[in-house]
Amino acid sequence: MIPASLRLSWATRSTDGRGVLVVVGAVGAFTFGTVLSAATRNDGSHLAFWCSAVVTACLIGVDFPGTGHFRWSEFELSLPIAPLARARAHLVLCFAVWLLPSLVGYALNQLGVVGGRLPQSEALVALGNAAAGVVLATALRHSLALQRSLGGAALRLAVAPVMLAAAAVRSPMFAAFMLVLAAPLLAVAHRVAARAPELFLPPVAEPPILGPITSPRPEVPDQLDTRTTFEADAAEPRSFGRLALRYSAGGAYPVLMLVMLALWSLGINSGWLQVAAANTMLLAMLVVSHAMWSTRLLRLSHLPYPRARLFRFVAWPPLAAIALGLGLALALPAPDPLLRARTRAGATFLESPLGGWQLTTGEPPLVTAPDGESHRPLARPFGLGSLVVAYDPYEIPRASSQSFHTRQVGRLLADRGLSLPPEQIEERFGSGPNPYLGLGSARYPELQKPAGLARGLVGAAAVLIVALIGLHVVVRPGAAVNPNRWRWDALYIAFFGLFMLTQFLQLLALSRYDGTDPIAILLAHAGRPLVDHAALSLPLAVALVALLYRSLLRRFAQMEPPLRAKKMDAWFIEI
Amino acid sequence: MAVLELEGIRRSYEGTPDALRGVSLSIEPGEVLGLVGRSGAGKTTLLRVAAGLLKPSHGAVTIFGLDPWQRPVEVKRRLGYVAESQAVPPRLSAGALIAMHRELYPTWDRDLERTLLARLAIPASKPIAALSKGEARKVLLLCAIAHRPELLILDEPAGGLDPVARREFLELSIELLAQNGSTILFSSHHMTDVERIAGRLVVIERGEKLIDSELAAFQQEHCVAVLPAAPAPEVERLRGVSGFVRSRARGSSLYAVFRREPGELKSELSDRLQLPDVAISRLSLEEMFVAFVGAES
């Protein structure tokens, strides 16, 4: 029988069935990751761990099972339940949702409980560490009492560096270290909560006075002020604008969203983030999250402020952040080596970037050198019964001869409009491929082929279009969406389903040791004609952007304030 | 031209039955209309539709002859609105909030603002969150009326205030806006407030308009017959009397509401129906409201 405190704790943190989704999603994703790992004979713990982390983070953010909803906290405290019992219940939930799957997954692989230790790819180790970083960050965030005693601001600032540092560390043991650190943190926090439950209530302290909003018009002395209207003031309601801007782009959450949007846009369009589909959908999710946050401004819609102007505070901050990222990406393109070394099934292959890959049905065509040596590129199936396979026509197996190397590289260079004398190609690859140096890296600056402005602009337009489509999920006629609760209708399910699909497909790609990403290959193929015909596709993209923006404006004009306003009380107080 | 015109308004929320079921209402300039109804009857929905905050599923809304969804800024500049639970940015000081409103309304009356600030004793430098509920509601009232709106919509404006503050709040609204001939539409659970202020009464029940009448006429036209102990057959006989509206048991007594002149009713009940113990009286609005929307015996 479930103790009342646990049942209550669960109830207060699973409003709208969110908690059920979290646990089912996290456990399901963990199972999926474990099965996938076993099937592909790849890293078990990190994959499963990452699945669990992604699902949980998507569903609830990093708050669960943190401080929860303040009103619920108050409600909980008003009930006759011992603080210690309540704290224990919270702790059990923490372990159930986050730590247990993580630790089990870790034990599976690191301790070799089932099937011994498996080889791990660097990408998975980094992801696993980052996921462990999320757990640690959650523990820090959850430790509200700890935050207050040690300085909450400093801890909050430490969360992002912890996650980034975790992703940068290549040792899988780092994840274990962070998990071990997170557990006592949570325990300490709960102990504090048990002894001083009032620390978990929202601060009642008086908020700081932001100072009077100055009127753009100086004060007129009484004896001269015979008019009763201030039309000049009304024409420029700057105070409202400042207030709206402060809400949509000034708090910790929106700033975090905007910084992530800028970084992701930069990463996607510069080529630093290789995984286009998953990261673009993540970017769309960030746009949606920000819009859910900023459409709270509709609670002030009883005021005579034009909707079109109000919409700027909803749409412009994320679009500006994206534009900043895209602009930086155009200025700072990532190096684009013409060949990369990949290790697969114990052998090393040289592969061209995804843009050079081809699609076919059946077997890929044989590549034959003039001396008769031939090689059939490996087919990468798309799965799910698809007959289409992707292959790299310039693939060079490790076992092939030097002359085959030279021929394949020569073909690739010729197709790219570049050239390198055969002896230099041989010199480059005579001692075998170096996985850390691609063809075209620093040793051969003349082979540095920049991505090109057309490609950058087409990529930027695509990202903007995805962001604007993402905004349509939130901006639509009817009541504004409660940011604490998704509205599970067809549009949300389709959007969320697509998001999850791209993430899982990405996991599928990561689970392959060669790192081949079929979706990225498809996207590269789909994008090639758009880049080749940029003179036509770019004006069309601009027109589409304008069309989507106009559509958003129309939809926003028909939006209503949220129905259950009291659930959205983080911004406003109700009098 | 009517200040506010609602025609066949229907409005439903996701997954719930209609909150409003074809309500029509027309308010002329200068009217003070009190909207009453039980909790969940649809008052707030109606007021939010009237303020252009909710879009009706069916029907048409015009305010000052304009569609509030087509020309929202024009409409809202001529409107004052105080919600039952008004969302206010907590970190703004009262003065900053007032300044923000001043910039939004072209007809803002600075003199009136100063007068109200002094009269209501609003601490302008304090953040909203630090004010008492009464003080904060006064700030909201100032923000809603200092631009001298042509239509003031108040949804439970005095909810949560003590009787003194409530009376002050409402009387101030009326006093200030009566000078301009403004129209007021307000909802309240306090029938004494409605009796004191409203000229016209609208009762809403389960999303439908039950009563729409001049308040004085409504009170004049209705009276109650109280039978100290009425067995069931008597109730059935009462139903057959002309002007019978509803009856309701209270203890062993029976209260029957009639739309009749009291003297005429008294003679009919005592002479024709042989009910000598019947007492006829006029009802307070609250009793009348309970008689109309309460459970019928």
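Leu332(A) counts as partly exposed, with a relative accessible area of 40%, where partly exposed covers the range between buried (under 20% relative accessible area) and exposed (over 50%), computed with a 1.4 Å probe and protein chains only. The model is predicted, so that local features need pLDDT of at least 70 and side-chain atom pairs count only at pLDDT 80 or more, while totals for chains, interfaces and linings use all residues. Residues are numbered from 1 along each chain as its sequence is written, chains are lettered from A and ligands numbered from 1 in the order in which they are written, and side-chain values use heavy atoms, with hydrogens and water left out.

**Surface patch on chain A**

- Leu332(A) sits in the loop between helix H14 (307-331) and strand E1 (340-344) of chain A; helices (H or I, at least four residues) and strands (E, at least two) are DSSP runs numbered from the N terminus.
- Together with Trp272(A), Leu324(A) and Leu328(A), Leu332(A) makes a nonpolar surface patch of about 390 Å², the area coming from the Shrake-Rupley method with a 1.4 Å probe, with only the protein chains shown counting as cover for residues.
- Patches are made of residues with over 30% relative accessible area and no salt bridge, like charges being joined within 9 Å and nonpolar side chains (Val, Leu, Ile, Met, Phe, Trp, Tyr) within 5 Å.

**Nonpolar cores**

- The largest nonpolar core has 113 residues, and those with the most contacts inside it are Phe240(A) and Val139(B); such a core is a set of buried Ala, Val, Leu, Ile, Met, Phe, Trp, Tyr and Cys residues joined through side-chain atoms within 4.5 Å.
- A second, separate core of 31 residues includes Leu4(B), Leu35(B), Phe64(B) and Ala83(B).
- With neighbours within four places in sequence left aside, Val139(B) is in contact with Ala94(B), Leu97(B), Ile98(B), Ile122(B), Ile128(B) and Leu131(B), contact meaning heavy atoms within 4.5 Å.
- In soluble globular proteins, nonpolar side chains tend to be buried together.

- Val473(A), in helix H17 (residues 453-474) of chain A, is buried at a relative accessible area of 4%.
- Leaving aside neighbours within four places in sequence, the contacts of Val473(A) are Val288(A), Leu491(A), Tyr492(A) and Phe495(A), and the C-alpha atoms of Val473(A) and Ala291(A) are 9.2 Å apart although 182 residues separate the two in sequence.
- Arg166(B) belongs to helix H6 (residues 163-180) of chain B and counts as buried at 11% relative accessibility.
- Beyond neighbours within four places in sequence, Arg166(B) is in contact with Ala158(B), Leu161(B), His190(B), Thr192(B) and Asp193(B), while Arg137(B), 29 residues away in sequence, is 9.9 Å from Arg166(B), C-alpha to C-alpha.

**Chain B overall and its hairpin**

- Chain B comes to 11 helices and 14 strands, and buried residues make up 56% of its 297 residues.
- Of the contacts in chain B between residues at least 6 apart in sequence, 69% join residues at least 24 apart.
- Chain B exposes about 11600 Å², of which carbon and sulfur atoms supply 50%.
- Strand E12 (residues 244-250) of chain B runs antiparallel to strand E13 (residues 253-258) of chain B and is joined to it by 6 bridges, two strands being paired if DSSP finds at least two bridges between them.
- Phe244(B) has Phe258(B) as its bridge partner in E13(B), and in this hairpin, with 2 residues between the strands, Gly251(B) takes a positive phi near 65°.

**Salt bridges**

- Over all chains the structure holds 17 salt bridges, each being a side-chain nitrogen of Lys or Arg within 4 Å of a carboxyl oxygen of Asp or Glu.
- Glu363(A) and Arg376(A) meet through their side chains in a salt bridge (3.6 Å, N to O); Glu363(A) lies in the loop between strand E3 (358-361) and strand E4 (367-368) of chain A and Arg376(A) in the loop between strand E5 (374-375) and strand E6 (380-381) of chain A, so the pair ties together parts that are 13 residues apart in sequence.
- Glu363(A) is exposed at a relative accessible area of 57%, whereas Arg376(A) is partly exposed at 35%.
- Glu221(B) and Arg259(B) form a salt bridge between their side chains (2.8 Å, N to O), linking helix H8 (residues 215-221) of chain B, which holds Glu221(B), with the loop between E13 and helix H10 (262-272) of chain B, which holds Arg259(B), 38 residues apart.
- In the salt bridge of Glu264(B) with Arg260(B), the closest N and O atoms are 3.1 Å apart; Glu264(B) is partly exposed at 44% relative accessibility, and Arg260(B) is buried at 10% relative accessible area.
- Glu31(B), Arg200(B), Lys209(B) and Asp212(B) are joined into one network by salt bridges that share partners.
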